[in-house]
Amino acid sequence: MADDPYAALGVSKTASDAEIKKAYRKIAKTDHPDLTDDPKAHDRFKAASAAYDLLKDPDQRARFDRGEIDAQGQERPQRRYYRDFSESPDNPYRGQAHYGDFSDVFADLFGEGGRGTRQAGFGGARSFDMRGQDHRYTLEVDFMTAARGGTTRITLPDGNVLDVTIPPGTRDGQTIRLRGKGGAGMGNGPAGDALLAITVRDDPDWRREGDDVTTVLPISLDEAVLGGKVEAPTIDGPVMLTIPRGASSGQKLRLRGRGLAGAGGRRGDQHVELRVVMPPKIDDGLARFVENWRKDHAYDPRAQGGKAR
């Protein structure tokens, strides 16, 4: 498989769509397996077919030009989650070549009768039934949709509108496969799949560590001193949380099983980090109370490096 699809077609990187199609037709007219028994010609045709399949798709061509994918349409190493997918042992399409939909070109070459001519193929195979190309996209979802699961609507380049189900606990970089929503198959070949690489948008109120999540909960001075029950947000909605008497900023409370869905359906935990917020104005009454209290109860919160508690 050629590493440079432009070289495989003998065109420059600035070639127009028409020039690319013309170059492919020229190679097909001389190297097509129906027209020659030369194995080298078959290899050139296969390389040109793969190159044309990539470059005739504006989105795929743009991504190749940006260096995001290679000549086989696979993600380059810097997009690790793509590479993980393409190289994973359970990827059924790893190492396979996809020659996509060339029906328009064959129609030009052979006319409508050309469809019958396509019964001859590579290496003695007698059919041009080919599976369509997989198309890859990046889909950004907000944190809460990824955490709770949901549905988001997308429009594919061909204009098809799809409602995509986002599973609960979806991770950044996770791939969702939409079977049969990729490139059209050739002959009786099935359509390829659409592969959506998920990017989870950061949320200022939530941090994620594995299956656990952390939120910051502001509490008042009196709640910190006396304790009490306050409402805290969770992925599933607000719950009542008990604040211990004498709580401090930075103290974390655990809500078991309120994190993200993990492997096997087990959910992680939520950590609620308390933040004591002083009243917007220190009135004279509070100031006098603290002054009197300090006379007999002064303490150093910075003792032992701030770990006195």
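This is a predicted model: local features need pLDDT of at least 70, side-chain atom pairs count only at pLDDT 80 or more; totals for chains, interfaces and linings use all residues.
**Exercise 1. The open sheet**

Solution. 
Step 1. The sheet is open and has three strands in the order S1-S5-S4, with mixed pairing.

**Exercise 2. A salt bridge from glutamate 140**

Identify which side chain meets that of glutamate 140 in a salt bridge, and decide whether glutamate 140 is buried, partly exposed or exposed.

Solution. 
Step 1. The side chain of arginine 201 forms a salt bridge with glutamate 140, at 2.8 Å from N to O.
Step 2. Arginine 201 lies in the loop between S5 and strand S6 (207-209), while glutamate 140 is in strand S1, so the pair links distant parts of the chain, 61 residues apart.
Step 3. Buried means under 20% relative accessible area and exposed means over 50%.
Step 4. Glutamate 140, at 47% relative accessibility, is therefore partly exposed. Arginine 201 is partly exposed as well, with a relative accessible area of 38%.

**Exercise 3. Two further salt bridges**

Take the pairs arginine 44 with aspartate 31 and arginine 131 with aspartate 134. State for each residue whether it is buried or partly exposed.

Solution. 
Step 1. The closest N and O atoms of arginine 44 and aspartate 31 are 3.1 Å apart.
Step 2. Arginine 44 is in helix H3 and aspartate 31 in helix H2, so this pair ties together parts 13 residues apart in sequence.
Step 3. Arginine 44 has a relative accessible area of 42% and is partly exposed, whereas aspartate 31, at 8%, is buried.
Step 4. In the salt bridge between arginine 131 and aspartate 134, the closest N and O atoms are 2.9 Å apart.
Step 5. Arginine 131 counts as buried at 18% relative accessibility, and aspartate 134 is buried at 7%.

**Exercise 4. An aromatic pair**

Say which helices hold tyrosine 24 and phenylalanine 45, and whether the two residues are buried or exposed.

Solution. 
Step 1. Tyrosine 24 and phenylalanine 45 form a stacked aromatic pair, 5.9 Å centre to centre, with 25 degrees between the planes.
Step 2. Tyrosine 24 lies in helix H2 (residues 17-31) and phenylalanine 45 in helix H3 (residues 39-55), so the pair ties together parts 21 residues apart in sequence.
Step 3. Both tyrosine 24 and phenylalanine 45 are buried.
Step 4. Ring pairs link Tyr24, Phe45 and Tyr52 into a cluster.

**Exercise 5. Confidence**

Name the element of the protein chain where confidence is lowest and the one where it is highest.

Solution. 
Step 1. The mean pLDDT of the protein chain is 82, and 81% of its residues reach 70 or more.
Step 2. Confidence is lowest in helix H7 (residues 114-117), at a mean of 42, and highest in strand S11 (residues 270-277), at 98.

Notes:
Residues are numbered from 1 along each chain as its sequence is written. Side-chain values use heavy atoms; hydrogens and water are left out. pLDDT is the predictor's confidence in each residue, from 0 to 100. Helices (H or I, at least four residues) and strands (E, at least two) are DSSP runs, numbered from the N terminus. Rings of Phe, Tyr and Trp (its six-membered ring) pair if their centres lie within 6.5 Å; planes under 30 degrees apart count as stacked, over 60 as edge-to-face and the rest as tilted. Buried means under 20% relative accessible area, exposed over 50%, partly exposed in between (1.4 Å probe, protein chains only). Two strands pair if DSSP finds at least two bridges between them. A salt bridge is a side-chain nitrogen of Lys or Arg within 4 Å of a carboxyl oxygen of Asp or Glu.
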